[in-house]
Amino acid sequence: MNDSRKSLRIGGACAFWGDSDAGVTQLIHGGNVDVLVFDYLAELTMSLLQKARSRDPKAGYAADFITAVSPHLPKIAEQGIKLLANAGGMNPNACADALRRAAEAQGVKLRIAVVEGDDLMGMREEIAAHKVTEMFNGTPLPASLTSMNAYLGALPIAAALDKGADVVITGRCVDSALALGALVHHFGWNAHDYDQLAAGSLVGHILECTTQTTGGLYTDWWRVPGWENMGFPIADCNPDGSFHLEKPPGTGGLILPTVVTEQMLYEVGDPANYLLPDVTCDFSAVRMESAGENRVYVHGARGRPPTDRCKVSATWADGFRLSSTLTIVGDDAVAKAERMGEALLTRSRRLMSEAGFGDFSETLIEVLGSEKPSYGQQARSLAAREVVMRFAVRHAEAAALNIVAKEVAPFGVSAAQGTTGFSGRPKAAAVFRLFSFLWPKDQVSVTVSMDGQSWPVSIPSGVPVNQALGDGAHYPEKTPTTISGDYLTVPLSALALARSGDKGDISNIAIIARQPHFAPLIGEQVTPEVVRQYFQHLVRGSVRRFDVPGVHSYNFMLEQALAGGGAGSLRNDPLGKTLGQVLLALPLRVPKAWQSELDPGPPGGH
């Protein structure tokens, strides 16, 4: 173990498979970091990696990890920086072998550990016999699966570091576990130090999206400098789990309490009951304090025992999809685009039928630029003179969609004048859907291997869900605010910031008050019922709201909001990334006396 009295500096080097390699360079040469964490795995990535491994037994991992770190291995070894990555995907041993070869080619010796046990495909029959159901909608386990991986926690990573690993490569683990594993090892936390484990999980959650926590995607985008050289995040962590968030000197971006708050609430659902393998986190009373230029102090996370179940994400093949776009310019562009989309579907149906194929399983026409796909009844641009007609379809057979693919280009000469933007014949792509369920932790065997040896890691079983859940912090009950005298009607954006994302078919929208005293009024007017009505064109399920008083915020969960979510959705925004921006246009009534405190928006107004 390192000197546990010394703070630990962890850099977030990768947010997803495809993130910039610039973060590695920044953090190694300007971050003074002890640990780098790399997150590569979205929920549906595993099915793609499994498909790659089925074609090549040496594939199935995120090769970008090897590309990103290889040029820096001598410097990494010289500085003693630990590398922790879930780049192993469906083949962590192959990933370790590739890194080992890259290191040996440069004369660098690394002790590389591999964490295994997340892949449950070998237990498929046993799991099916228990008749597990999808945790969000109750459907039964599909007959044919392409992958099935349990979300592992931080303890195996810490165990590998305890044995002297320089690099730890995992398959599917929760994103925050990478940083938490480093903290457990460094500070000697045990499996029952729940407050520290929750705080360390928050470190990992803040770091996991890299530049998204240093000003990327910030609501007030016009205040953020240096998009061309965004700084990657560094958490300078203390023994109690509190930390300072910063970035390498001279880099772009902006770190403020509200920036970090946006990331903290991103995709956590109920912030008072954020369920992770190692701990049940309560972030509802977390505080963010400015600690200098581009530096924020984060503290106040609390923890409770984890549940006795782990989340398992399985994927299954569900036919094929195809999408394409055409640009339409001129008067009545919206009407022309809508007619063109319907004509394309009608023509395609006829040709598919003549070829002996059945109808589409799902279709969608979106006129981008009309605002209708995102804003529904609130759309203001139906008279737009330049729009993009986007169509997306699903079918059980790729051959049927190949017929459709040939029919897009002809609309450039057979439909409305002003049509352009054809970018080549689209191709049918396989659709992989997500099936998430819970499975007993004591039925998952986790091992760590290094230097030719392997050993099991004991994982505490946890407690039943009803014992793990807590109430969290809440706003005090108050008499509704009475707006007496003059008032203004302003968009929610004048009082608040927002950040949205997804969990399967659930959209998570965080609303963060710009001033603490704005929060009660926001709570009174932005109710679950109001949000459900506002998004009636998109949301098919219920809307729940959670208090987050520590950061003057609310977190909304919109169920059945993404038409299936991920690859299962035909929408242009299947991940709900835009819904926060849409909600910020909601009109609110505020006292006129607040006028000087309201945010005017970017130069030129909202």
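Student: What radius of gyration would a compact globule of 606 residues have, and what does the chain have?
Tutor: This is a predicted model, so read each value as computed from it. For 606 residues, a compact globule would come out near 25 Å. The C-alpha trace spans about 70 × 70 × 50 Å along its principal axes. The radius of gyration agrees with the globule value: the chain has 25 Å.

Student: How many helices and strands does the chain have?
Tutor: Both kinds of element are present. The count is 18 helices and 26 strands.

Student: What share of the contacts with a separation of 6 or more joins residues 24 or more positions apart?
Tutor: Start with burial: of the 606 residues, 56% count as buried. Then take the contacts with a separation of 6 or more, and pick out those between residues 24 or more positions apart. Their share is 76%.

Student: Is helix α7 largely enclosed or exposed?
Tutor: Helix α7 covers residues 155–162. Its buried residues are L155, P156, I157, A158, A159, A160 and L161. That is seven of the eight, so the rest of the structure leaves α7 largely enclosed.

Student: Which elements do the buried residues of α7 pack against?
Tutor: The partners include both strands and a helix. Among the strands are β3 (82–85), β4 (112–116) and β6 (167–170). The others are α8, β19 (447–450) and β20 (453–456).

Student: Where is D451, and what is its phi?
Tutor: D451 sits in the loop between β19 and β20. Those two strands also pack against buried residues of α7. D451 is a residue other than glycine, yet its phi is positive, near 55°.

Student: Are α8 and α9 parallel or oblique to each other?
Tutor: Helix α8 spans residues 177–187, and its axis comes within 7 Å of that of α9. The axes cross at roughly 140°. Roughly antiparallel would need an angle over 145 degrees. The pair is therefore oblique.

Student: What is the handedness of that crossing, and which residues make the contact?
Tutor: α8 passes α9 in a right-handed crossing. On the α9 side, L197, G200, S201, V203, G204 and L207 take part. On the α8 side, the contact uses A179, L180, L183 and V184.

Student: How do the residues of the contact of α8 with α9 divide by type?
Tutor: None of them is charged. The rest divide into seven nonpolar and three polar.

Student: How is α9 oriented to α10?
Tutor: Helix α9 covers residues 194–207 and α10 covers 257–264. Their axes are 9 Å apart, at an angle of about 100°. Angles of 65 to 115 degrees count as roughly perpendicular. That makes α9 to α10 roughly perpendicular.

Student: Which residues make that contact, and how do they divide by type?
Tutor: α9 brings L202, H205 and I206, and α10 brings V260, Q263 and M264. No charged residue is among them. The division is four nonpolar and two polar.

Student: Is V298 buried or exposed, and what does it contact?
Tutor: V298 is in strand β12, residues 296–299. At 1% relative accessibility, V298 is buried. Beyond four places in sequence, V298 contacts L202, S242, F243, V260, V286, R287 and M288.

Student: Where is E267, and what is its relative accessible area?
Tutor: E267 lies in the loop between α10 and β9 (274–275). Its phi is positive, near 60°, in a residue other than glycine. E267 is buried, with a relative accessible area of 13%.

Student: Which residues does S324 touch?
Tutor: S324 belongs to strand β14, residues 309–329. S324 is buried at 8% relative accessible area. Leaving out residues up to four places away in sequence, it touches M389, R390, F391, V408 and P426.

Student: What covers the buried residues of α13?
Tutor: Helix α13 spans residues 398–405. A400, L401, I403, V404 and A405 are buried there. The cover includes β14, α11 (333–354) and β16 (386–395).

Terms used. Residues numbered from 1 in each chain as written. Predicted model: local features only at pLDDT ≥ 70, side-chain atom pairs only at ≥ 80, totals over all residues. Heavy atoms only, no water. Axes fitted to C-alpha atoms, helices over the stretch in contact; angles between N-to-C directions. Helix = DSSP H or I, 4+ residues; strand = E, 2+ residues; numbered from the N terminus. Parallel < 35°, antiparallel > 145°, perpendicular 65-115°, else oblique. Contact = heavy atoms within 4.5 Å. Nonpolar A, V, L, I, M, F, W, Y, C, P; charged D, E, K, R; others polar. Left-handed = near helix turned anticlockwise from the far one by under 90°. Rg over C-alpha atoms; globule rule 2.2 N^0.38 Å. Buried < 20%, exposed > 50% of the residue type's maximum accessible area, 1.4 Å probe, protein only.
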